[in-house]
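Dear colleague,

Here is the structure we discussed. My notes follow below it.

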Amino acid sequence: MDFVRIREAKEGDCGNILRLIRELAEYEKLSDQVKISEEALRADGFGDNPFYHCLVAEILPDPGEPQEPCVVGYGLYYFIYSTWKGRNIYLEDIYVKPQYRGQGIGSKIIKMVAKVALDKGCSEFRLAVLDWNKRAMDLYKALGAQDLTEAEGWHSLRFEGEAVRELAGK
């Protein structure tokens with residue numbers, strides 16, 4: 001296996017992160033929903049009060065080789081709050097390029113997010129997965145995740161666009 005490093009993303013990684021976000025959306029058959037720009041990623045993740053945090057997985061070249069490290073995956077997360085449990089961390093996206101899957105990179109990203117969660121005093125680590133993505137579901141369960149749809153019947157809902165404007169009276 002190539003040498004992999006998981007590190008905090010830097011502002012200069014936004015182009016690679018956006019490329020991987022688009023690849024993830026294509027994999028999830030939701031490409032038409034990606035509206036984010038590199039500029040928005042930069043502004044929202046690297047200002048004084050970031051809306052998100054991100055880890056990148058990169059393959060490091062062998063010593064003496066001239067090429068730069070190659071970003072092959074990412075995990076984008078943020079902090080949320082539970083009125084029952086307090087501080088939580090939410091992994092919005094985790095993605096590893098197909099040719100690098102099966103090498104433990106996704107597990108390394110998840111474990112690093114878990115370390116961040118503990119360092120920040122979080123009691124829960126949450127994420128969502130599409131129902132057809134059995135490979136990801138199996139990985140998360142193997143790592144100890146509980147399926148809340150099965151266990152407790154929770155459904156994830158969202159308001160978008162016009163629905164939000166209507167709710168806000170605008």
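Phe79 is partly exposed, because its relative accessibility is 35% (buried means under 20% relative accessible area, exposed over 50%, partly exposed in between, with a 1.4 Å probe and protein chains only). Tyr77, at 5%, counts as buried.

This is a predicted model, in which local features need pLDDT of at least 70 and side-chain atom pairs pLDDT 80 or more, while totals for chains, interfaces and linings use all residues. Residues are numbered from 1 along each chain as its sequence is written, and side-chain values use heavy atoms, without hydrogens and water.

The whole structure holds 4 aromatic pairs. In one of them, Tyr77 and Phe79 have ring centres 6.0 Å apart and planes at 90 degrees, so the pair is edge-to-face (centres within 6.5 Å; planes under 30 degrees apart are stacked, over 60 edge-to-face, the rest tilted; for Trp the six-membered ring is used).

Two charges sit over rings (NZ of Lys or CZ of Arg within 6 Å of the ring centre and within 35 degrees of the ring normal). Lys29 lies over the face of Trp132, 4.3 Å from the ring centre, and the charged end of Arg101 is over the ring of Tyr27, 4.8 Å from the centre. Trp132 itself is partly exposed, at 38% relative accessibility.

Of the 170 residues of the protein, 32% count as buried. The C-alpha trace spans about 60 × 35 × 35 Å along its principal axes.

Regards
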